[in-house]
Amino acid sequence: MNFPNEKAVSHPGVPLWINGAAARSTSTRTGIVTNPATGEVTRRVPFANAQDVDAAVKAASVAPAGERGIEVIEFACGIPHLLKGEYTENAGTGVDCHPLRQPVGVCAGITPFNFPAMVPLWMFPVAIACGNTFILKPSEKVPSTSMKMAELFKEAGLPDGVFNVVHGDKEAVDAILGHPGIHAVSFVGSTPIAKYIYETCARNGKRVQALGGAKNHAVVLPDADLEFTADALIGAAYGSAGERCMAISAVVAVGAIGDPLVRMLADKAAKIKVGPGDGAGVEMGPLVTLAHRDKVASYIAAGVAEGAKLVADGRNKKVAGYDNGFFLGATLFDQVKPGMSIYKDEIFGPVLIVLRANTLEEAIALVNTNPYGNGTAIFTNSGGAARRFEEEIQVGMVGVNVPIPVPMAFYSFGGWKNSLFGDLHMHGMEGVKFYTRTKVVTTRWPHDDTPAPGLNMPTLG
């Protein structure tokens, strides 16, 4: 793969962050960081090896966790209250019980390219506020944001070693999954990798929460406000160039609303301004890499070959002055069937597909049959229909006239089915439970007349 000026420009390297300072990797393997609007290589990132991961674990293992970090986000500010335990007096005669929530130790997070600040912030503020230390392995495509967060932590006075950053690819990931000093792993990414991380952590006795891919549906009923719904779907489908796990990528149009909805979506999609992310008035930027741009384009070709109706084709999108950028325009398919690859697979790009259903029951069955269960939405003016949808849909996050139902930090984020591997979701109280383990203490303070323990089975009587 050729990159402009790859040999002509000296690219600054991105260091690791270990024990409160920038650190050089002992690995000789590196990757490139590109500007997706121009295709130019901007930096090189070291791919951490097992020795680098071990250095981060050693720093995290001896760091004084829990001294700061409570201030990181508003939810984490409430950790003292959230860690407050319960107390049962006289659970049995003269016997009291109370649980303790204690940190699990060194935790690690493996995060994707699309939200290099937000997704790590689902993890390490709660982990650190609960008394743990943390090692972050960000996507090698976007290494710089994590380093900035590490510097800000240092400036705020976080003790060295509490927060560490190692860059890399599968070698670094496998070192994290296999290291005996790491006790809990959080992950956000594709379903195949989430399943691999879940299974590997389970074999190695680690606690794990692994969030996978998505095929998020929006069900549109005939009584929905057409203009409002179309605007919401355009933003949900094409925002962030469709490169987000909460993007709406499949619309289920119920009844007669299908044709006018598709016409309005096509009209609005054609008006989306595509360009570099820092360009004036730009609404949709480039995809993250050339390879991913080409993969998304191949799905568009597959959809055409499989018989879907291509209403808007983004493959030939050109942006003046950015001939080497990784751009696609907003793409829209109609008359999509469940067996088509553009429906079955997570495309992770600016491709919105429309399926048709005759009834709400049929639409719910379609969503529930899909192997993913991350987020979904319904657009309707019927409270009864919305209530039924809430109760019957088999998806982790549900919106009613809200296209991207991402919960606030004091609730938890995560899906069902192939969108989640593990028992606990991100942040919220489930996040607190993930980054702590419970110890139950039972106490009895004997008096002079308390009988001595016997050989019988202990009871609380």
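Trainee: In what order do the three strands of the open sheet come?

Mentor: The order is 5-6-22, and the pairing is antiparallel. Helices (H or I, at least four residues) and strands (E, at least two) are DSSP runs, numbered from the N terminus, and two strands pair if DSSP finds at least two bridges between them. This is a predicted model, where local features need pLDDT of at least 70 and side-chain atom pairs count only at pLDDT 80 or more, while totals for chains, interfaces and linings use all residues. Residues are numbered from 1 along each chain as its sequence is written, and side-chain values use heavy atoms, with hydrogens and water left out.

Trainee: Which strands stand at the edges?

Mentor: Strand 5 (88–92) and strand 22 (436–444); each has a single partner strand, so one side of each has no neighbour in the sheet.

Trainee: And how many bridges join strand 6 to strand 22?

Mentor: Nine, with strand 6 covering residues 95–103. Cysteine 97 stands opposite threonine 442 in strand 22.

Trainee: Is cysteine 97 buried or exposed?

Mentor: Cysteine 97 counts as buried, at 18% relative accessibility. Buried means under 20% relative accessible area, exposed over 50%, and partly exposed in between (1.4 Å probe, protein chains only).

Trainee: While we're on cysteines, how many disulfides does the search find?

Mentor: Zero, searching the whole structure; a disulfide here is a pair of cysteine sulfur atoms within 2.5 Å. For cysteine 130, the nearest cysteine sulfur belongs to cysteine 107 and is 8.8 Å away. Cysteine 130 is buried too, with a relative accessible area of 5%.

Trainee: Switching to the inside, how many residues does the largest nonpolar core have?

Mentor: It has 64 residues, and those with the most contacts inside it include Val219, Leu233 and Leu265. Such a core is a set of buried Ala, Val, Leu, Ile, Met, Phe, Trp, Tyr and Cys residues joined through side-chain atoms within 4.5 Å. Helix 8 (residues 226–238) gives the largest share of this core, seven residues.

Trainee: What is leucine 265 in contact with?

Mentor: Leaving aside neighbours within four places in sequence, leucine 265 is in contact (heavy atoms within 4.5 Å) with Ala230, Leu233, Ile234, Leu332, Leu352 and Val354. Another core of 43 residues lies apart from the largest one, and among its residues are Cys107, Cys130, Phe413 and Val432.

Trainee: How many aromatic pairs does the structure hold?

Mentor: Eleven. Rings of Phe, Tyr and Trp (its six-membered ring) pair if their centres lie within 6.5 Å; planes under 30 degrees apart count as stacked, over 60 as edge-to-face and the rest as tilted. Phenylalanine 113 and phenylalanine 348 have ring centres 6.0 Å apart and planes at 85°, so that pair is edge-to-face. The two residues are 235 residues apart, linking distant parts of the chain, and both are buried.

Trainee: What about tryptophan 122 and phenylalanine 413, how are they paired?

Mentor: That pair is tilted, at 4.3 Å centre to centre and 35° between the planes. Tryptophan 122 sits in helix 4, and phenylalanine 413 is in the loop between strand 19 (397–400) and strand 20 (416–417). Tryptophan 122 is buried at 8% relative accessible area, and phenylalanine 413 is buried at 1%.

Trainee: Last one: what do strand 3 and strand 4 form?

Mentor: A hairpin with six residues between the strands, and glycine 39 in the turn has a positive phi of about 80°. Strand 3 (residues 30–34) and strand 4 (residues 41–46) pair antiparallel over five bridges, with valine 41 as the bridge partner of threonine 34.
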